[in-house]
Amino acid sequence: MSGPRPPCASAFADANVFVLGTRRSGTTWLAELLLAHPDVAGAEATEPVAGQFVPQESVIFGGVSDLWVNASRADGEGMAAYLPPVEVAGALRAFCDRIFAAGRARHGPRARRFVEKSPDNNKRLPLMATTHPDAWYVHIVRDGRDVSRSLASVHFGPGNLAASAAEWVRDVRLVREHRWRLSRYREVRYEDLLADPVGQVGDLLRWVGLDVDAQVTRRLSERAAKEVARYGSNVPSGAGKWRLLGPAEGAAVLDVAGDLLAELGYLDPAEGEGAA
Amino acid sequence: MKPEPLALDIEAARGASALFDRAIFILATPETGAERLLRALGSLPGVAAAPVPTHLFSQGIGRLLDHWRLDPGPAALSGLADAQDFLLAVRLLADAPLAALAEAQGAEWAVEYSPGHPAHAEEIAGLYPDARLVHVVRDGREVAARLSSPVYKRAPRYAARLWIDDQRAVSDLEHDHLFVVRIEDLLAEPEGLLEELVKALGIEVSSVAAAAEALGRLGDLPDVRPGRAGAIVDTVAYDLLARFDYPEGGIGASSRAAAWAEMLAASTAGVAGRLATETGPRAVGRARSWIAERRGGDG
């Protein structure tokens, strides 16, 4: 496969698929759908207690981020004194390959693609683009009002609607502002995925170089019906749940996220003016 | 609760690491004089000395290991790899800069010193069961005094605490190849001690004379008055000083009074953490040993 090359010899050349997106944007669902393909491996969502699905997130790039900083020291000390940048990237890539190889052996030894999703990755794109220029990056974007409502209601969220909206704005902007680094980047909307999961994910699977046959389509349909990572919510999954917010709550979200919502086409002009 | 130390299977490292049995980590508090030993070892044939600190564990590997230890369970790296797979991957990553150094110099051994590494001694020992760890010690009263000098600007209690914490972290290690060197002894008798150390490390050289001569040319470490920071070490860490055979004494009354004032203030303010919490029991122990000495050792 022609395309960008990894910074070192790699058994995972062209094999990594990274799902990017703000928490509560459908990242786990998208990863689950990609795993419908027999040639795709990755850690499945797990079910530790009381029927709660908790997504598996390795946060591997967060783990090595201090080394990345070490290698970028301005005082001449650290790894950069011993390794040129491409070899630092190669060493970090080799580390990731070893971890992903262990994961592939555990979750799908014959798979040709390996899916990883950690919302922390939104903050690591300069690092990831350097170590994994050959990877496939899929950014799922969901209406920030729905994300904020959902994020504010879960125990691991930032605690209130405004802070949740700020997290959505920060993450979406971070990914979009660094997408120029990623030669294999695609953006999908959660709402489009919800409307046609089989078609949307089928397109993504073909984009990453895999065939989509009737068996894959059937498996996709089965997985699309499965709900993941709801954290005890009894409100059905879907788009537009921000309408359940009260006027003050909705205004709090728009106050923070109105510009980006408008930029992404989630607001009609009248709503945008109302937010201001 | 302190997490279980991570320990790489030495056999896994043997088959995979380019630095297996060939890495030397010098563990020392800043201002100990460890750079002198680093240079001396680096002047030996077949040994490459890291010219600047790698900060590998204090800025990088430490966080990576924390990531594993502090986030156990499926929603972390353990969802992908088991502990030994992970540790071997980390070891090979940590090897990269020093392996590159050794290769560039055509050296068999690589030796490095990073001032923040004593705090990560347990991690280094766990990831490098085959490496040589050299604990370089200097009288803590002098080190603390240097660290509280205008060059470092540390508060005396923090300067004292750094030396104390570093020595305890390294002294508590269980490692098959841990060596302790007092810098004062090394500078007083460079050739003899260097020869002994090099032999213990397993470095095969015909002579250490040139390295010893280079070490000798550097002369003694600068004289330091212990001051308040040194007095805190003397009061709180007398057991550590004794463990490394540093004699008591040399603390003036005014420095000791200032040390007590600072420790009490730190204790009241709750900012000195372990140092403050240990002050009471250690002071009692100190008083008991003083009384016992006056009674002729029967107390």
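**Notes on the two chains**

1. Let me begin with strand β4 (residues 132–137) of chain B: six of its six residues are buried, so β4(B) is largely enclosed by the rest of the structure. Buried here means that 20 or more other C-beta atoms lie within 10 Å of the residue's own, while 12 or fewer makes it exposed and anything in between partly exposed, with C-beta atoms placed from the backbone. Helices (H or I, at least four residues) and strands (E, at least two) are DSSP runs, numbered from the N terminus. Both faces of β4(B) are covered, with Arg132(B), Val134(B) and Val136(B) buried on one side and Leu133(B), His135(B) and Val137(B) buried on the other.

2. Before going on, please keep in mind that this is a predicted model, in which local features need pLDDT of at least 70 and side-chain atom pairs count only at pLDDT 80 or more, whereas totals for chains, interfaces and linings use all residues. Residues are numbered from 1 along each chain as its sequence is written, and chains are lettered from A and ligands numbered from 1 in the order in which they are written.

3. Which strands pair with β4(B)? Strand β1 (residues 23–27) of chain B runs parallel to β4(B) and is joined to it by four bridges; two strands pair if DSSP finds at least two bridges between them. Within this pairing, Leu27(B) has His135(B) as its bridge partner. Strand β5 (residues 178–182) of chain B also pairs with β4(B) in the parallel sense, over five bridges, and there Leu133(B) is partnered by Leu178(B).

4. Val170(B), in helix α7 (residues 156–171) of chain B, is worth a look. Val170(B) is buried because 26 other C-beta atoms lie within 10 Å. Not counting residues up to four places away in sequence, Val170(B) touches Leu27(B), Pro118(B), Ala121(B) and His135(B), where contact means C-beta atoms, placed from the backbone, within 7 Å.

5. Next, the cores. The largest nonpolar core has 141 residues, and those with the most contacts inside it are Leu34(A) and Ile26(B). Such a core is a set of buried Ala, Val, Leu, Ile, Met, Phe, Trp, Tyr and Cys residues joined through C-beta atoms within 7 Å. Helix α4 (residues 83–105) of chain B gives the most to this core, namely 13 residues. Apart from this core lies another, of 20 residues, including Tyr158(B), Ala229(B), Val236(B) and Ile251(B). As for Ile26(B), its contacts beyond four places in sequence are Ala34(B), Leu37(B), Leu38(B), Val111(B), Tyr113(B), Val134(B) and Val136(B).

6. Where the chains meet, 33 residues of chain A and 26 residues of chain B take part. On the chain B side, α3 (57–70) and α4 each supply at least two residues, and the largest share, nine residues, comes from α4(B). By class, this side has 18 nonpolar, six polar and two charged residues; Ala, Val, Leu, Ile, Met, Phe, Trp, Tyr, Cys and Pro count as nonpolar, Asp, Glu, Lys and Arg as charged, and the others, Gly among them, as polar.

7. How do α2(A) and α3(B) lie relative to each other, roughly parallel or roughly antiparallel? The axes of helix α2 (residues 60–70) of chain A and α3(B) come within 7 Å and cross at roughly 175 degrees. Axes are lines fitted to C-alpha atoms, for helices over the stretch in contact, with angles from 0 to 180 degrees between N-to-C directions. The two helices are therefore roughly antiparallel, a label for angles over 145 degrees, as against under 35 for roughly parallel, 65 to 115 for roughly perpendicular and oblique for the rest. The residues of this contact divide into four nonpolar, six polar and two charged.

8. Finally, chain A contains an open sheet of five strands in the order β2-β5-β1-β6-β7, with parallel pairing. β2 (40–42) and β7 (185–189) of chain A stand at the edges with a single partner strand each, so one side of each is left without a neighbour in the sheet. The twist averages 25 degrees from one strand to the next.

How values were computed
Two residues are in contact if their C-beta atoms, placed from the backbone, lie within 7 Å.
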